[in-house]
Amino acid sequence: MAGCKKAEIPIPAPTFKPKKLFENASLFSSTPIGISFEGKPWISHVKVVDLDRDGKDDILACEGQQSTVLWLKKDAKGDFIERQLADEMNAPVHAETADLDDDGDLDILVSTMGEIFPNNDRIGSLIVLENDGSQQFKKRVLLENVARVTDARAGDFNGDGKLDIAVAQFGYDQGEIRWLENTGPWQYQSHILLDLSGGINVCLADFDQNGGLDIVALLSQQWEEIYLFRNDGRGNFRSTIIFGSTNEEFNSSWINLCDLNQDGLEDVLYSNGDGYGPTAMPGPRPWHGVQWLENLGDGSFQYHRIGKLPGAYSPIGMDVDNDGSMDVIAVSSFNDWWDANAVSMMWFRNEGGQEFSSHILAYEPTHLLSLAVGHFDDSGYPSIVSGAFHAYPPYDKLSRLMLWQRKPSE
């Protein structure tokens, strides 16, 4: 395996003072969507996708505590109607869509952990909700009794025209990154790429421009590394560490892809903000924040810090102000929520040349874990969907699923 020296990430003083910090908490209006709720929601993932392919954006969500997968679709009146697509999913934490059986509709790949909190038992599974074409779904189990599964994405890795699947498995003491080779209708052969715990995400793109679909994977825990699995186009992978922190409590939390500098290459947005560690109460660390790995086009990446955000999760690319530059939005799940000034959503505005200023978008609701971007109105601006995961106190600023829309310019 090719490797790299781990980066020495400076640990600042324990204060949150971004270089530039602006108050824009009134830029978006927020509206609860979906059914009313009781208790403390555990929305572990949200995704915007046109599930029924009617030309309009819908929302998929995973509820980790209730073990359900949800579909929210706007009706003729403009209201979101929530439908439960599956239950008894054993702690689903990620949902992605693909036409896995090549029948013209979107199926749903659901990653389930079995239990969301630490457990080293082989209780994970990968389940497909097979679409019959009219948005009625049948469960198919592709993996079961494996280290806890956290993410799965479909792509053709060996060039045979069939969709294979990349899988991240967090496990606890044992975990894996693997790909499932499509060998026939709903038949897969497993290939292990990495035998390490802490896998959070897998993302797919041809990062080195050789025509093969590559895999980028984020590993947390003591590793705090991002791996690139370079594909020769025939399903043969070579692994390289493209980022690693010497801080074993760097608290890696999420990666997403975005062409941030608009050079035609997918870059990696990367947050570190997981709040669990050796202390009794989860919470922020002074080194939490958002960064990006610039894709140099030859399989190598350059690290850039974007800005601080305690408890940072789910960074996404979005041109918030329609100025032609790609900005970054991120939420906080593990902030100091006893502090009224703790930030729950931040906009990192691209000032040009990938230099960013920090703009507070919201202080509440708190415990936001997942973000997605879509178009749900005629404003010309994209909207944001957030999901909240309320697993620790305080419980006084609760939400479940929220739609954030740009307010009209004054």
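Which residues form one aromatic cluster? In this predicted model, the cluster consists of Phe243, Phe250, Tyr270 and Tyr303.

Across the whole structure, a search finds 14 aromatic pairs. One of the pairs is made by Tyr313 and Phe334, whose ring centres are 5.9 Å apart. The angle between the two planes is 45°, and the arrangement is classed as tilted.

The charged end of Lys40 sits over the ring of Tyr395, at 4.8 Å from the ring centre. For Arg406, the charged end sits over the ring of Tyr381, and the corresponding distance is 4.2 Å.

Ser399 was also examined. This residue lies in the loop between strand S28 (383–388) and strand S29 (401–406). With a relative accessible area of 3%, Ser399 is buried, because values under 20% count as such. Leaving aside residues up to four places away in sequence, Ser399 touches Phe37, Pro41, Pro365, Leu368, Ala388 and His390. Ser399 and Ser314 are separated by 85 residues in sequence, and their C-alpha atoms are 17 Å apart in space.

Definitions and conventions: Residues are numbered from 1 along each chain as its sequence is written. This is a predicted model: local features need pLDDT of at least 70, side-chain atom pairs count only at pLDDT 80 or more; totals for chains, interfaces and linings use all residues. Side-chain values use heavy atoms; hydrogens and water are left out. Rings of Phe, Tyr and Trp (its six-membered ring) pair if their centres lie within 6.5 Å; planes under 30 degrees apart count as stacked, over 60 as edge-to-face and the rest as tilted. A charge sits over a ring if NZ of Lys or CZ of Arg is within 6 Å of the ring centre and within 35 degrees of the ring normal. Helices (H or I, at least four residues) and strands (E, at least two) are DSSP runs, numbered from the N terminus. Buried means under 20% relative accessible area, exposed over 50%, partly exposed in between (1.4 Å probe, protein chains only). Contact means heavy atoms within 4.5 Å.
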